[in-house]
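Dear colleague,

I am handing over the structure below, together with some notes on what was found in it. Please read the notes with the coordinates open beside you.

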Amino acid sequence: MHRRNLFKLGAAGLATAGLAPAISATSKQAVLGDRENDKWLHLGTGKSTLPNRHKQVDYDVVVLGGGAAGICAAVAAARKGSKVVLVQDRPVLGGNASSEMRVHLNGVNRLKTGLAERETGIIEEILLHNRFENPQESFPVWDHVLYDFVMREPNIELMLNTQGIEAIMDGDKIRQVRCWQLTTETEYLLGGKIFIDCSGDGLVAATAGAEYRTGREGKKEFNETFAPDEPDGWQMGASLLMSAKDMGKPIPYRAPSWAIPFDEKNAHKRRKFHAYHEGIWWIEVGSDDDIIADQEINRHKLMGYLHGVWDYIKNSGRFPESETLALDWVGSLPSRRESRRFIGDYIHSERDLTTYKHFPDAVAFGGWGIDEHNPGAMENIHMAPTIFHAHFDEVYQIPFRSLYSKDVPNLMFAGRNVSQTHIALASSRIMATCALMGQAVGTAATMCIEKNATPRQIAQQHINQLQEQLLRDDVFIPKRPANDTKDLVKKAASIFASTTHSGNAELLNNGWSRDIDGKIHHWQSVGLPADVQVEWQDTVKLSQIEIKCDTNVKRNIMMRKDSKNDENFNNTVPEEMVKSISLQARVKGKWQTIETIKENRTRLIKFNFDSIKTTAVRIRVDETYGDPRVKLFEIRAYS
Amino acid sequence: MLLQSNACFTKVIRVLILVTLVVSVSSQANFLARLNSQASLVKHDISKTIKVEFSHKASVDDDLVKAKLHEYQIDDVNFYYMDVKSVFCGENICKVDKVRLHWDQFGHYHELELGTGIKLEKGNALDFELEDYIKLDQILANKNSTLSSLEKFELVTTGSTESAGIDGFSGATTYIKNEDYIKGAIWTCYTLWHYVNGPVSQIIRNMSAESYSVNELTQMSTGSWIEQHYALEQLSAKQSYDAKTIEKVLSLVSNANLELSQAIISYVKAAPKRVLSSTIIEILSSENSHIVGLALNLVKDKSRQDPLIFNAEFYQELVKVAASFKHYPYVHQTLSILQQSNLQNSSIQARLLTMLESDNFMIARAVYWHLLEFSELNSNKMMQSFYQFNQDRL
């Protein structure tokens with residue numbers, strides 16, 4: 001039976017088929033799907049019956065929220081072997097970056113060096129997938145790229161149009177999450193061992209009793225220089241974007257009745273109109289109270305502000321070039337920056353970022369400037385829309401202890417709702433940074449299950465193993481080189497290359513998977529084809545070879561509305577990436593080709609094969625996506 | 001407005017411009033005064049003029065460009081200039097000016113001169129500002145510019161607000177660094193960069209070499225990096241492979257860094273057959289790790305292209321030298337060369353057999369596998385003994 005039929009069969013069908021995860025009869029805790037008053041005549045059967053609107057399914061890991069953080073959490077946990085359900089309350093994946101909101105999936109786009117320090121791991125794999133599948137750079141197609149990325153994972157069940165609304169507890173632990181699936185009128189009780197709230201607002205975590213806060217900390221609490229003197233309730237707002245296209249002829253525009261006129265006279269000079277046809281991020285409204293309760297009021301305001309600004313552009317006479325422009329797309333769903341921040345065993349704060357604090361439990365990094373949008377946003381039009389309090393020379397670390405709840409032992413977070421101050425959030429809220437947190441907690445979730453441990457126990461007893469796994473899976477952790485004792489390349493006697501243009505083949509074994517902190521950690525060939533050979537003194541048994549190739553992490557690859565293509569942004573597949581590569585092994589003195597990959601699409605290249613006994617392997621690269629040389633950063637071997 | 005005087009000839013001197021980037025306001029004012037002075041194009045005593053034809057990446061229909069190249073001296077050092085059109089414009093809507101480009105004796109960009117009243121133009125019919133000239137000077141001096149790989153079909157007239165209909169580049173496929181072009185003037189940058197760093201540069205290198213004797217070039221090979229590189233290139237071009245010159249070049253081997261090693265190998269690569277083998281063996285006998293690997297690659301490439309270029313005697317010498325290699329990858333490369341040559345005589349095999357006793361087990365193992373596959377020595381006592389002793393590690 002095809003696994004995607006799972007939700008079509010219903011509980012009875014699955015029970016018959018003997019499938020895991022198990023679905024039980026309607027829970028006594030099910031309350032939303034009670035339909036005892038229905039008067040339904042089913043003409044197909046000729047019977048009167050009641051619809052079944054209760055389902056209960058158990059998984060290993062329940063991930064709430066299908067944005068960048070949630071997708072990475074789900075994929076990481078699933079690839080490590082957990083049965084995962086990914087619950088998303090919208091019809092599409094992607095959160096703020098989805099076609100519903102269209103925010104650029106930014107990361108460490110530019111440090112003070114002028115260069116990016118791009119995120120790798122699952123989020124890079126997603127962005128590369130998009131470069132192959134969506135060269136037209138369409139946001140609706142991007143939704144489907146994400147859908148494909150999730151659906152191809154056999155261990156993930158995806159539930160769209162489904163919102164987690166309540167945690168059902170077993171003591172201090174979450175046992176199930178009550179969900180409502182809008183399109184099927186169905187209540188789901190999703191059981192799990194580990195729960196990861198990547199939903200941004202964190203409703204489920206809040207109902208689980210996990211402590212959270214909203215608003216801005218005062219300076220004193222965390223010794224933050226950029227915080228207000230005294231704490232207050234302000235939270236950064238949500239934005240509503242739009243796009244316009246040139247119709248080639250004059251197009252009139254009349255604002256709708258609910259438009260709010262743009263207050264040009266009082267608008268701060270930094271409310272700029274650069275590239276306004278691709279949306280204006282400062283059309284934004286925040287709150288100093290309960291921002292979640294205010295969302296629908298704010299949405300209406302934002303729609304009014306958006307049309308007011310567009311009316312100003314079209315009809316004020318200040319933008320004559322807008323005469324032929326017409327709105328092509330307008331958002332109806334504001335993209336949120338801030339609401340609840342849950343409290344973990346550590347609260348990440350400003351000085352951790354600005355002093356590049358080293359955490360022994362670092363699992364992710366950030367580097368977007370501290371970009372604090374101003375209180376009130378459009379409602380304080382006289383203020384600058386944002387203040388970049390600081391930019392960074394290098395990336396900063398994010399500790400694992402800020403990614404799980406201090407109160408609920410089987411609850412983790414990734415994204416904007418993690419344990420951090422308002423000022424730290426002003427930097428770390430960027431989606432690719434959130435995605436790194438997602439991969440970290442997803443990986444940790446499976447470790448929790450394997451070891452029957454809580455996230456806190458992972459932090460205290462197994463953090464080295466978690467970090468090593470993340471590094472192996474191509475996450476970069478600043479100041480933390482890999483040192484995996486299972487990696488047999490560590491025991492190799494010689495690593496050498498056919499030619500060397502820069503770097504050194506021996507650097508492929510030094511634990512660093514990118515050039516960083518002014519140091520080279522790569523090998524680059526003179527030309528192509530080129531090969532690298534790893535040789536051992538004694539025979540070794542191998543069944544896996546893993547390679548990290550260059551994708552130029554100093555140049556961004558996220559999709560942008562302007563399709564920017566310069567030294568900082570790339571709108572195609574990185575030319576540096578390996579395209580055609582083969583693995584050979586020397587067995588009893590004879591070289592054998594183990595596998596050839598003709599159309600590689602990832603930075604982390606994996607060869608999995610039946611175990612062989614060998615004394616040397618050779619990696620041969622025949623082609624990149626355009627670069628006449630090849631650059632590699634790491635080779636690993638496992639038995 | 002800068003560069004405004006209609007009566008004046010304007011000269012942009014690279015060194016001066018660079019100085020203005022860092023000097024005080026008063027010095028900059030001095031510089032501007034010079035720009036606006038009545039000076040004409042600098043007159044030089046031309047020692048030689050040649051007609052040249054060369055390809056240019058921006059040339060319409062890929063026609064060869066015909067021009068005159070002039071040689072002159074400053075303090076007995078050769079310099080060159082050529083008058084060119086400022087821009088090949090893809091859609092014939094660019095303003096074309098006469099530009100005088102200067103090179104040094106090594107074919108490196110030296111400076112750019114403009115005639116009276118000539119002002120280069122960028123988008124929207126705007127004249128270049130001072131900072132644009134400064135940037136252009138830096139662009140032309142950068143040999144590693146991303147303009148080098150840009151093809152002219154990637155340059156388009158976009159008509160967008162940003163490029164103001166004069167010139168631009170298609171954002172769809174082009175990758176070019178901001179530092180490599182001036183907004184609105186990419187055709188100009190592209191045209192001039194390829195004049196400066198295209199085939200003319202090599203023509204000048206060859207032309208200036210005519211004034212140097214082999215002896216002078218040989219002496220130059222011990223000079224600065226630029227001189228060394230130039231000397232090795234021109235010695236090669238002059239086919240100077242006499243014993244004295246080779247000895248001088250080989251004297252550079254022991255202390256050569258990677259870049260110089262590459263230049264030496266390029267020199268050796270063009271050597272006539274009669275000295276090629278012995279020169280390579282000399283290099284392989286050195287202990288400079290930079291150059292040994294390059295030399296082995298050269299042998300591999302050469303023998304792949306021409307299997308008869310090296311004789312049996314060479315391979316015997318190669319194996320003799322390889323027997324003392326401590327670095328396993330060099331032995332690996334040597335064996336790979338032998339396999340490619342298909343030459344396995346008894347003398348070579350005898351030498352290889354001794355390597356079964358190498359202190360480096362990987363060397364011994366590689367030799368063992370080589371001999372097992374490419375010789376008839378499987379019943380040889382040393383081979384059998386090696387197998388018996390190491391069978392678990394093979």
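Of the 394 residues of chain B, 51% count as buried, where buried means under 20% relative accessible area, exposed over 50% and partly exposed in between, with a 1.4 Å probe and protein chains only. Please keep in mind that this is a predicted model, in which local features need pLDDT of at least 70 and side-chain atom pairs count only at pLDDT 80 or more, while totals for chains, interfaces and linings use all residues. Residues are numbered from 1 along each chain as its sequence is written, chains are lettered from A and ligands numbered from 1 in the order in which they are written, and side-chain values use heavy atoms, with hydrogens and water left out.

The secondary structure of chain B comes to 16 helices and 10 strands, taken as DSSP runs numbered from the N terminus (helices H or I, at least four residues; strands E, at least two). Among the contacts in chain B with a separation of 6 or more, 65% are between residues 24 or more positions apart, a contact being heavy atoms within 4.5 Å.

Helix 8 of chain B (residues 243–250) has T245(B), I246(B) and V249(B) as its buried residues. Because these cover an arc of only 95 degrees around the axis, they lie on the same side of helix 8 of chain B, the arc being that of the directions from the helix axis to the C-beta atoms. The face turned away from that buried side carries the exposed residues A243(B), K244(B) and E247(B), whereas the cover over the buried residues includes helix 6 (214–220), helix 7 (225–237), helix 9 (258–269) and helix 10 (273–284) of chain B.

In chain A, strand 18 (residues 362–366) is mostly covered, with 5 of its 5 residues buried. Strand 18 of chain A runs antiparallel to strand 21 (residues 396–399) of chain A and is joined to it by 4 bridges, strands being paired if DSSP finds at least two bridges between them; F365(A) stands opposite Q397(A) in strand 21.

Between the chains, 25 residues of chain A are in contact with 21 residues of chain B. The area buried between them is about 1900 Å², of which carbon and sulfur atoms give 45%, buried area being the accessible area (1.4 Å probe) that two parts lose on being put together, summed over both. In chain A, Q537(A), N565(A) and E567(A) lose the most area to chain B, together 27% of what that side buries.

With kind regards
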